[in-house]
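Please view the sequence and the structure together before reading on.

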Amino acid sequence: MPRATDMVITPRGLRFRGRIFPCTVGRGGTRAAKREGDGATPRGTHCLVGMLYRTDRLARPTDWALPIRPFDGWSDDPRDPDYNLMVRLPHGFSAERLRRADRLYDRVLLTDWNWPYPRRGAGSAIFLHRWRKPGHPTEGCIGLPPAALDWILPRIEHRTRLIVP
């Protein structure tokens, strides 16, 4: 049952604190059985476990946000002992760069999808981050307009969850 502090994906967008924000989900839609590389957003109730931001591009969005450093990455290789964890680049396995040239990851909310004890191949991180453009799907994350993120981030509480029905 959703709580007043939860973010819920609906057919109209992401509902949070009485507002609806346009959003995009993964190119594979939403799925109960998420797999690495399927482009799907996993269904379920996901806790928010962290927030990252680019110190060179914006002010700290909350007191609990951590900076994205130049060599930060996220392992997306199921063979990696550090699969679905933050790693330092260069890394001996496939890893996504968190400090990107584009603005997608200027601010990132981390969910507990397949974390902190990942099941190999069940899919790496599901983030909430800036979208590429309206209606353009992600690789499995939740994409939002920058103004929506700016409004949402300071209003998140410790018990806020992301619900993907």
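**Asp6 and its surroundings**

In this predicted model, the side chains of Asp6 and Arg161 form a polar contact at 2.7 Å. A polar atom of the Asp6 side chain also lies 2.7 Å from the backbone nitrogen of Arg3. Asp6 belongs to the segment that precedes strand 1 (7-10). Its relative accessibility is 2%, and because buried means under 20%, Asp6 counts as buried. When neighbours within four places in sequence are set aside, the residues in contact with Asp6 are Met1, Arg15, Phe16, Arg159, Thr160, Arg161 and Ile163.

Strand 1 runs antiparallel to strand 2 (residues 13-16), and three bridges join them. Val8 has Arg15 of strand 2 as its bridge partner, and two residues separate the two strands in their hairpin. Strand 2 is in turn paired with strand 3 (residues 19-21), again in the antiparallel sense and over three bridges.

Attention now turns to the largest pocket, which holds about 420 Å³ of space. Its lining consists of 27 residues, and Glu96, Tyr105, Glu139, Gly140 and Cys141 lie nearest the centre. Strand 12 (residues 127-130) contributes the most to this lining, with three residues. By type, the lining comprises ten charged, nine nonpolar and eight polar residues.

Terms used. Residues are numbered from 1 along each chain as its sequence is written. This is a predicted model: local features need pLDDT of at least 70, side-chain atom pairs count only at pLDDT 80 or more; totals for chains, interfaces and linings use all residues. Side-chain values use heavy atoms; hydrogens and water are left out. On a 1 Å grid over the protein atoms alone, a cavity is a set of points where a 1.4 Å probe fits but cannot get out, and a pocket is an open set with protein on both sides within 12 Å along at least five of seven lines; lining residues have an atom within 4 Å of a point. Grid points are joined across faces, edges and corners, and a volume is the space filled by probe spheres set on the points. Helices (H or I, at least four residues) and strands (E, at least two) are DSSP runs, numbered from the N terminus. Ala, Val, Leu, Ile, Met, Phe, Trp, Tyr, Cys and Pro count as nonpolar, Asp, Glu, Lys and Arg as charged, and the others, Gly among them, as polar. Buried means under 20% relative accessible area, exposed over 50%, partly exposed in between (1.4 Å probe, protein chains only). A polar contact is a pair of N or O atoms within 3.5 Å; within protein, one must be able to donate a hydrogen and the other to accept it, and residues adjacent in sequence count only if both atoms are side-chain atoms. Contact means heavy atoms within 4.5 Å. Two strands pair if DSSP finds at least two bridges between them.
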